[in-house]
Amino acid sequence: MSPPRTVVIVGGGISGLATAFALQEQAAAAGLPIRCTVLESGQSWGGKIVTHRIGELITEAGPDSFLSQKPAGLELCAKLGLTDQLINTNETGKKAFVLYGGRLHELPEGLVSFVPNQLGPFLRSGLLSWTGLARMGLDVVVPRGPSEGDESLASFFRRRFGAQAFDRVLEPLMAGIYAGDAEQMSLKATFPRFFELEQQYGSIIRGMMAAKKKASSAPASGSTCTMFVSLKNGLGDLVTALTTRLTRQGVELRLGCQVDALRVRSHQLGRWMYDLILNDGSALSTESLVLAPPAYVAAELLRPLTPIAGGLLEMIPYASTATIAMAYPADAVAGAVEGFGFIVPRIEGRDLIAATWTSLKWPHRAPADQVLVRCYVGGVGREVILRLDDDQLAARVRAELSALCGIKAEPGYVEVNRWWKAMPQYTLGHLDRLTQLDAALSRYGGLVLTGAGYRGVGIPDCIRDGAVAAGRVVHYLSVKAAS
Ligand SMILES: Cc1cc2nc3c(=O)[nH]c(=O)nc-3n(C[C@H](O)[C@H](O)[C@H](O)COP(=O)(O)OP(=O)(O)OC[C@H]3O[C@@H](n4cnc5c(N)ncnc54)[C@H](O)[C@@H]3O)c2cc1C
């Protein structure tokens with residue numbers, strides 16, 4: 001029997017771990033024996049997924065849920081036996097608010113999928129003036145934009161719906177997800193569906209209505225999931241389930257193992273061997289290499305091999321953010337918190353990007369006599385606040401909650417989580433750069449990039465992209481094994 005093929009995955013976030021999981025699955029299906037190692041520079045697995053348990057409180061330092069409409073997240077949970085741990089958002093309190101003119105307004109219904117399919121709720125929300133609303137309705141007659149080239153989120157949505165709807169509602173909903181600047185963000189790379197709707201229907205409203213009609217005439221999917229789902233005891237359980245399964249499958253998982261440099265040995269017949277230089281000075285060789293750290297780390301590792309790829313990767317900027325979790329006595333905030341929380345448009349000029357009433361959204365994340373709140377600060381153009389120390393940052397956020405919601409009580413628990421260079425920004429031209437990157441790396445057989453920096457930042461995107469990366473490795477090694 002031929003010896004197992006070697007694969008090393010750099011980065012033990014959800015992208016690297018999901019790649020390792022898919023690799024085991026796909027290599028087994030292809031009858032390809034592999035020996036897989038995952039190297040993680042930190043002291044824990046999961047990267048941005050970090051769940052803390054403090055008594056009966058469950059806080060998430062990074063992501064707190066994932067989209068159920070993108071199937072990769074739910075499918076991975078099912079494969080790991082976590083389906084019975086999945087939880088829906090608390091539908092009884094399903095409301096969200098947006099700050100406008102210093103006051104919180106309820107977000108119009110129908111914005112669940114980010115774009116209105118009816119204008120009535122907008123009218124009732126009082127968010128837009130008559131002229132703003134009329135301008136929104138013009139979406140049905142505004143000519144479609146060119147199919148070629150890229151356009152910023154800001155330009156696209158202002159063109160289709162007008163400045164008022166964009167500034168007051170769409171900007172915080174969309175740019176907020178990326179902690180980004182809508183003027184710089186690529187529509188095609190972040191929300192390609194809206195580009196497709198415009199191209200197909202000539203109008204987003206018409207496209208959304210057609211999609212709604214199609215969905216209502218299609219057989220019921222049987223899914224009982226809300227738009228966002230989480231795991232009962234936190235997303236950290238996804239990471240634990242993955243590492244437990246991978247260990248059982250014989251994957252070598254190494255923590256505290258930072259890859260400092262990469263060398264390549266080229267053999268005849270296009271065969272490659274990658275040598276990784278680790279932080280303890282040792283080296284590790286592998287036939288196939290998956291790079292799953294942030295793009296700026298991949299840039300440093302790849303620059304000596306291909307300065308072009310290094311340069312392209314470096315052009316993917318990352319925004320820094322912080323999340324501040326605070327637990328209040330429930331009676332001290334009664335009446336002040338309602339629904340899931342609120343988002344803050346950039347034009348409001350506040351420190352907060354958003355606040356989630358975590359324990360109203362996911363009821364069992366705090367005991368009944370406490371309310372768990374999570375606030376977000378930072379993001380592109382708003383990072384200066386992160387220079388404050390933890391106490392100052394918490395004080396600033398409390399001042400915002402006091403001004404916006406009247407919460408004056410002292411929280412019983414405060415936790416500040418800083419995320420430096422954490423949110424990749426898909427800026428204008430991002431997809432073109434990915435194409436150039438593929439070309440620059442095409443000669444390096446068995447070398448694959450995956451992670452949030454490229455084809456989707458959400459957890460399901462990372463899982464899906466990891467499976468694609470695994471497929472490319474299995475294909476490469478299978479062809480190589482046969483040659
Ligand atoms: C505050 C916050 C909230 C978010 N909320 C949500 C949400 O609610 N839902 C959602 O779907 N997504 C959310 N996201 C996005 C999502 O969490 C991330 O995009 C995703 O987890 C990134 O996974 P990744 O594996 O690609 O990268 P990472 O999690 O960054 O993992 C990369 C890993 O590589 C390691 N590494 C780096 N350099 C090296 C090296 N030289 N050698 C070895 N290892 C190295 C790092 O230590 C890290 O563990 C959120 C992100 C943040 C920051």
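Predicted model: local features only at pLDDT ≥ 70, side-chain atom pairs only at ≥ 80, totals over all residues.
Begin by colouring the domains: select 5-47, 238-316 and 427-482 together as domain 1, then 111-217 as domain 2 and 318-424 as domain 3. With domain 2 and domain 3 shown, their centres, taken over C-alpha atoms, are separated by 27 Å, and the contact between them involves 10 residues of domain 2 and 14 residues of domain 3. On the side of domain 2 that touches domain 3, you will find four nonpolar, two polar and four charged residues.

Next, select the ligand and the 36 residues around it, among which G11, G13, S15, G47 and P63 come nearest. The elements that contribute two or more residues to this shell are α1 (14-29), β15 (318-329), β19 (413-424) and α17 (459-482). By residue class, the shell around the ligand holds 18 nonpolar, 15 polar and three charged residues, and at least three residues are drawn from each of domain 1 and domain 3.

Finally, turn to the open sheet of three strands, whose order is β11-β12-β13 and whose pairing is antiparallel. On average, and with direction ignored, neighbouring strands here are turned by 20° against each other.

Note on methods: Residues numbered from 1 in each chain as written. Pairing = 2+ DSSP bridges. Helix = DSSP H or I, 4+ residues; strand = E, 2+ residues; numbered from the N terminus. Axes fitted to C-alpha atoms, helices over the stretch in contact; angles between N-to-C directions. Domains from an automatic or database assignment. Contact = placed C-beta atoms within 7 Å. Nonpolar A, V, L, I, M, F, W, Y, C, P; charged D, E, K, R; others polar. Near = placed C-beta within 6 Å.
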